Amino acid sequence: MPYVFFIMICIIWSSSFILMKKAAIAFSPVSIGWWRVFWGAAVLGLLCWRRGLLQWPQKRHWPALTVVALLGCAAPYVVQPVVVNHQGGAFMAMAVSCVPLLTIVLSIPMLGTYPSRCQLFGVCAAFCCMGLLLVDGVKRQIPLSDFGLAVTVPLGYALTNTVIRRWLHDLPALLLTCLSLSMSTLLLMPFAFRDPVSTPEQWWWASGGLMILGVMGTGLAMFWFNRLVQDHGPLFAGMTTNIVPIGAVLWGWIDQEAISQRQLFALGGILFAVACVQYRGAAKPA
């Protein structure tokens, strides 16, 4: 079952970048982030109510929940549409692929866990392949500001993954995800509607894509992801971000984004690296 969740997350998240790109036609980046967390919190809140999981977390959970809401939801969901609008979905997906390497770095001091040789080899190989992908970005003269914004996303994800594993492992994954998205909704609400929203002919298409992005890409996929983090560790779950660029590049190619042979070669290497990390990786870590 964990591999089913893994595959579903990869499929959904690889489509998220093209949906963000289309939503940016009619919505500002902050509005995109707010609607994502709003729809995600709404659908998961309904599921929590149906399953009788609505409860107030303990006092010790709130600091960690705040970190997850701010660095794992609110901030990256605003930053990603900005970078996608400037550089395309494929580039943003490639930056997110740094999550496993950063997860290993943070897991050693925060969790006291060390990767196996096979896992370390796989993550390092994936990181080298990511270097090839970023070379294309340098040749396209991408501004340092966009690079800097893109790097904050995987750093925030890696930090929140280890925080969940360390301090929030006893919360039901469904409740954890619902609470973090609800807190993110409140955090972004004061800024979500300040910018005027344009209303082009594609407004209804952008709104529909944003709703799908919130319900599937933010609500359900994030719930499955947090469950993988709690049950099988942040590295196993975080390797989804090494598969996501493949789907994102394919969507970019369909949307007429420039795709080079170097990118295709690197993505093939990433697939091999993920296989090394995920081989027998679903067992619960000690």
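**View 1. Phe91 lies in helix H4, which spans residues 89-96.** Helices here are DSSP runs of H or I with at least four residues, whereas strands are runs of E with at least two, and both are numbered from the N terminus. This is a predicted model, in which local features need pLDDT of at least 70 and side-chain atom pairs count only at pLDDT 80 or more, while totals for chains, interfaces and linings use all residues. Residues are numbered from 1 along each chain as its sequence is written, and side-chain values use heavy atoms, with hydrogens and water left out. At 4% relative accessibility, Phe91 counts as buried, a word that stands for under 20% relative accessible area, with exposed meaning over 50% and partly exposed the range in between, for a 1.4 Å probe and protein chains only. Along the chain Phe91 and Ala42 are 49 residues apart, and their C-alpha atoms are separated by 30 Å.

**View 2. Ser31 and Gly33 both have their place in helix H2.** Helix H2 runs over residues 29-51. Ser31 is buried, with a relative accessible area of 2%, and its side chain reaches the backbone oxygen of Ala192 at 2.6 Å. Gly33, at 0% relative accessibility, counts as buried. When neighbours within four places in sequence are left aside, Gly33 is in contact with Tyr77 and Leu188, where contact means heavy atoms within 4.5 Å. The C-alpha atom of Gly33 is separated by 24 Å from that of Thr103, a residue 70 places away along the chain.

**View 3. Asp170 and Arg60 join their side chains in a salt bridge, at 2.5 Å from N to O.** Asp170 lies in the loop between helix H7 (144-167) and helix H8 (173-192), and Arg60 in the loop between H2 and helix H3 (62-87), so the pair ties together parts that are 110 residues apart in sequence. A salt bridge is a side-chain nitrogen of Lys or Arg within 4 Å of a carboxyl oxygen of Asp or Glu, and the structure holds two of them. Asp170 counts as partly exposed, at 36% relative accessibility.

**View 4. Asp231 forms a salt bridge with Arg227 in which the closest N and O atoms are 3.9 Å apart.** Because the two residues are four places apart in helix H9 (residues 203-232), Asp231 and Arg227 are separated by about one helical turn. Asp231 is partly exposed at 27% relative accessibility, and Arg227 is partly exposed as well, with a relative accessible area of 36%.

**View 5. Leu168 is one of the residues that touch the most other members of the largest nonpolar core, together with Phe6, Phe17, Met92 and Leu181.** This core has 84 residues, and a nonpolar core is a set of buried Ala, Val, Leu, Ile, Met, Phe, Trp, Tyr and Cys residues joined through side-chain atoms within 4.5 Å. If residues up to four places away in sequence are not counted, Leu168 touches His61, Ala64, Leu65, Val68, Val163, Leu176 and Gln230.

**View 6. Met1, Val4, Ile7, Met8 and Ile11 form a nonpolar patch on the surface.** Together these residues have about 490 Å² of accessible area. Such a patch is made of residues with over 30% relative accessible area and no salt bridge, nonpolar side chains (Val, Leu, Ile, Met, Phe, Trp, Tyr) being joined within 5 Å and like charges within 9 Å. Val4 lies in helix H1, residues 2-23, and is partly exposed, with a relative accessible area of 45%.

**View 7. Val249 lies in helix H11, which covers residues 240-254.** With a relative accessible area of 2%, Val249 is buried. The C-alpha atoms of Val249 and Val67 are separated by 30 Å, and the two residues are 182 places apart along the chain.

Definitions and conventions: A polar contact is a pair of N or O atoms within 3.5 Å; within protein, one must be able to donate a hydrogen and the other to accept it, and residues adjacent in sequence count only if both atoms are side-chain atoms. Accessible areas come from the Shrake-Rupley method with a 1.4 Å probe; for residues, only the protein chains shown count as cover.
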